[in-house]
Amino acid sequence: MNKILAIAAAVIADAVRRKVVWIVVVFGALLAIAVPSLPSYGVGVVSAVYREVSIALMWVAALVVSLALSATRIPAEVEHRTVFNVFSRDVRRWQYLTGTWLGMFAVVGVALVAFALMTIGIGALQYQEFMWRLFEAAFAVWLEMGVVIAFTVMISSVMGAVTSVVAALAFVFVGHSYVSLLQIPETQRAPWWIPGLDVFNVINPVAHGTGYGLVYAASMVLVFAGWIGLLLLGGGALFSRRDL
């Protein structure tokens with residue numbers, strides 16, 4: 001476990017060195033610019049529109065951070081042969097992948113807390129309302145990004161950065177639209193054995209409702225844990241067979 005945490009700490013330090021914080025600044029600027037142009041559909045609705053747009057921007061910003069970190073690190077370390085410094089310290093390949101994922105997951109979590117605080121602050125200034133339940137949206141986005149990072153880490157363990165980004169975007173698209181792709185009627189549920197990412201889409205309850213409850217949060221955590229377990233196992237199996 002110490003080896004995994006050490007690798008995670010190195011990933012976090014590298015993210016700081018690469019100035020990921022600028023993504024947070026860009027997110028705040030986009031949000032501030034978007035607020036005056038938001039449509040007003042009537043009294044009491046405009047703040048809901050703000051929450052919906054904020055969650056969408058939060059998701060996009062988190063996706064950019066996740067892909068920028070996860071698609072490039074392993075290919076770059078293999079290409080520059082710095083990965084051998086890690087393995088020379090008796091670190092197994094699955095430990096390297098798990099530590100890499102954990103560090104990136106932590107970085108995205110910190111970024112999402114910053115996104116949420118910025119969103120709540122701008123909302124309070126604009127609408128005189130502290131929208132604390134946006135933290136619920138940030139939590140759901142964080143879990144989804146954890147899955148996306150795990151998938152990208154798995155692919156990047158055997159592929160280049162560009163291929164990993166394309167594969168990750170395809171994964172996200174299919175994960176959110178498989179019901180439509182399979183032409184499953186809206187009145188029916190998708191088969192249980194087909195996993196998806198829609199469980200992490202909480203725009204409606206957070207932006208237009210009163211948020212989601214603990215049971216739903218627990219279901220998201222279960223789906224997250226299942227995805228992470230499968231993807232990291234797959235990544236470990238692929239990376240162990242790679243000839244470095």
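These legends go with a set of close-up views of a predicted model.

**View 1**
Count up the secondary structure and you get ten helices and zero strands. Read from the N terminus, the order is simply α-α-α-α-α-α-α-α-α-α. Of the 244 residues in the protein, 45% are buried. Among contacts with a separation of 6 or more, 78% link residues 24 or more positions apart.

**View 2. Helix H1 against helix H6.**
Here H1 (residues 2-17) packs on H6 (residues 93-127), with the axes 7 Å apart and at an angle of about 45°. The crossing of H1 past H6 is right-handed. On the H1 side, the contact is made by Lys3, Ile4, Leu5, Ile7, Ala8, Val11, Ile12 and Ala15. H6 brings a list that includes Trp94, Tyr96, Gly99, Leu102, Gly103, Met104 and Val107. Sorted by type, the residues of this H1 and H6 contact come out as 13 nonpolar, five polar and one charged.

**View 3. Zooming in on lysine 3.**
Lysine 3 sits in helix H1. Is lysine 3 buried, exposed or partly exposed? Its relative accessibility is 33%, so lysine 3 counts as partly exposed. Skip the neighbours within four places in sequence, and lysine 3 is in contact with Arg89, Asp90, Val91 and Gln95. Tyrosine 96 is 93 residues away from lysine 3 in sequence, yet the two C-alpha atoms are 8.1 Å apart in space.

**View 4. Helix H6 from end to end.**
H6 has 35 residues, and its first and last C-alpha are 50 Å apart. That is close to the 51 Å expected at 1.5 Å a residue. Just after H6 comes glutamine 128, which takes a positive phi of about 55°.

**View 5. Helix H3 alongside helix H7.**
How do H3 (residues 46-70) and H7 (residues 134-156) cross? Their axes come within 9 Å and cross at roughly 25°. With angles under 35 degrees counting as roughly parallel, H3 and H7 are therefore roughly parallel to each other. H3 passes H7 in a right-handed crossing. In H3, the residues that meet H7 include Arg51, Ile55, Met58, Trp59 and Leu63. Their partners in H7 include Leu134, Val141, Glu144, Met145, Val148 and Ile149. By type, this contact of H3 with H7 splits into 14 nonpolar, four polar and two charged residues.

Technical notes: Residues numbered from 1 in each chain as written. Predicted model: local features only at pLDDT ≥ 70, side-chain atom pairs only at ≥ 80, totals over all residues. Heavy atoms only, no water. Axes fitted to C-alpha atoms, helices over the stretch in contact; angles between N-to-C directions. Helix = DSSP H or I, 4+ residues; strand = E, 2+ residues; numbered from the N terminus. Left-handed = near helix turned anticlockwise from the far one by under 90°. Contact = heavy atoms within 4.5 Å. Nonpolar A, V, L, I, M, F, W, Y, C, P; charged D, E, K, R; others polar. Expected span 1.5 Å × (residues − 1). Buried < 20%, exposed > 50% of the residue type's maximum accessible area, 1.4 Å probe, protein only. Parallel < 35°, antiparallel > 145°, perpendicular 65-115°, else oblique.
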